[in-house]
Amino acid sequence: MSATTFYAPPGYGEEFLASRRYSQAVRVGDRVETSGQGGWDDELNFPESLEDEIVAAFDNVERVLAAAGAGWHDVIAVYSYHVPDTVDSIEESHNPVMIEQFRKRMGDRAPIWTQTGVATLALPQMRIEIRVVAVVDQTGA
């Protein structure tokens, strides 16, 4: 039976563990799943621009994956939750940055992706939340 290990990286990870009682990732054997990551910094501040918030959310996913011994190259599934702009659709405002980040961080790897529009997320200023599932490559590739 595989050991289960939970991760709460320093900064906001420790804060959420203490104040909200949840971890940022769990690893069971070679499988890693993350909690939803927003585009916040360690003080839970958000960038003004949507593009910067999306990039910060990808950075936070990377940070949490690394704490669990994984990386974007191990990701097999992406689940993203989007608060649409009142003017632009998710396709117009969110997707160009999402796709750019996929290409930048995963190259030719193309995991499955489920994208969901929502009315609100956990914090009122959030416009994006990303969670992933990864399987750590045991070959070291």
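Modeller: Thr-120 is found in the loop between E5 and E6. Helices (H or I, at least four residues) and strands (E, at least two) are DSSP runs here, numbered from the N terminus. The model is a predicted one, in which local features need pLDDT of at least 70 and side-chain atom pairs count only at pLDDT 80 or more, while totals for chains, interfaces and linings use all residues. Residues are numbered from 1 along each chain as its sequence is written, and side-chain values use heavy atoms, with hydrogens and water left out.

The scale calls a residue buried under 20% relative accessible area, exposed over 50% and partly exposed in between, using a 1.4 Å probe and protein chains only. Tyr-81 is 39 residues away along the chain, yet its C-alpha atom is separated from that of Thr-120 by 9.2 Å.

Further along the loop between E5 and E6 comes Gln-125, which is partly exposed at 38% relative accessibility. Leaving aside residues up to four places away in sequence, Gln-125 touches Leu-44, Phe-46 and Glu-53; a contact means heavy atoms within 4.5 Å. Gln-125 and Leu-44 are 81 residues apart in sequence, but 9.9 Å apart in space from C-alpha to C-alpha.

Leu-44 has a feature of its own: a positive phi of about 65°, although it is not a glycine. Leu-44 sits in the loop between strand E3 (31-34) and H2, and its 21% relative accessibility makes it partly exposed. Arg-21 also has a positive phi, of about 60°, without being a glycine. Arg-21 belongs to the loop between helix H1 (12-20) and strand E2 (25-28), where it is exposed at 67% relative accessibility.

Back to Glu-53, which Gln-125 touches. Glu-53 meets the side chain of Arg-127 in a salt bridge, with 2.6 Å from N to O. Because Glu-53 lies in helix H2 and Arg-127 in the loop between strand E5 (112-117) and strand E6 (128-135), the pair ties together parts that are 74 residues apart in sequence. A salt bridge is counted when a side-chain nitrogen of Lys or Arg is within 4 Å of a carboxyl oxygen of Asp or Glu. In general, side chains of opposite charge can pair when their charged atoms come close. Glu-53 is buried, at 0% relative accessibility, whereas Arg-127 is partly exposed at 24%.

Just after the helix, Gly-69 takes a positive phi of about 80°.

Which helix packs against H2? Helix H2 (residues 50-67) packs with helix H4 (residues 95-106) at an angle of about 35°, their axes being 10 Å apart. The axes are lines fitted to C-alpha atoms over the stretch in contact, and angles run from 0 to 180 degrees between N-to-C directions. H2 brings Glu-51, Ile-54, Val-55, Phe-58, Asp-59 and Glu-62 to the contact, and H4 brings Val-97, Met-98, Gln-101, Phe-102 and Arg-105. By class, this contact has six nonpolar, one polar and four charged residues. Ala, Val, Leu, Ile, Met, Phe, Trp, Tyr, Cys and Pro count as nonpolar, Asp, Glu, Lys and Arg as charged, and the others, Gly among them, as polar.

Two of those contact residues, Glu-62 and Arg-105, also meet in a salt bridge through their side chains, at 2.8 Å from N to O. Since Glu-62 lies in helix H2 and Arg-105 in helix H4, the pair ties together parts 43 residues apart in sequence. Glu-62 is partly exposed at 39%, and Arg-105 is buried at 14%.

A search of the whole structure finds six salt bridges. One of them joins Glu-33 and Arg-31, with the closest N and O atoms 3.0 Å apart, and a network of salt bridges links Arg-31, Glu-33 and Arg-131.
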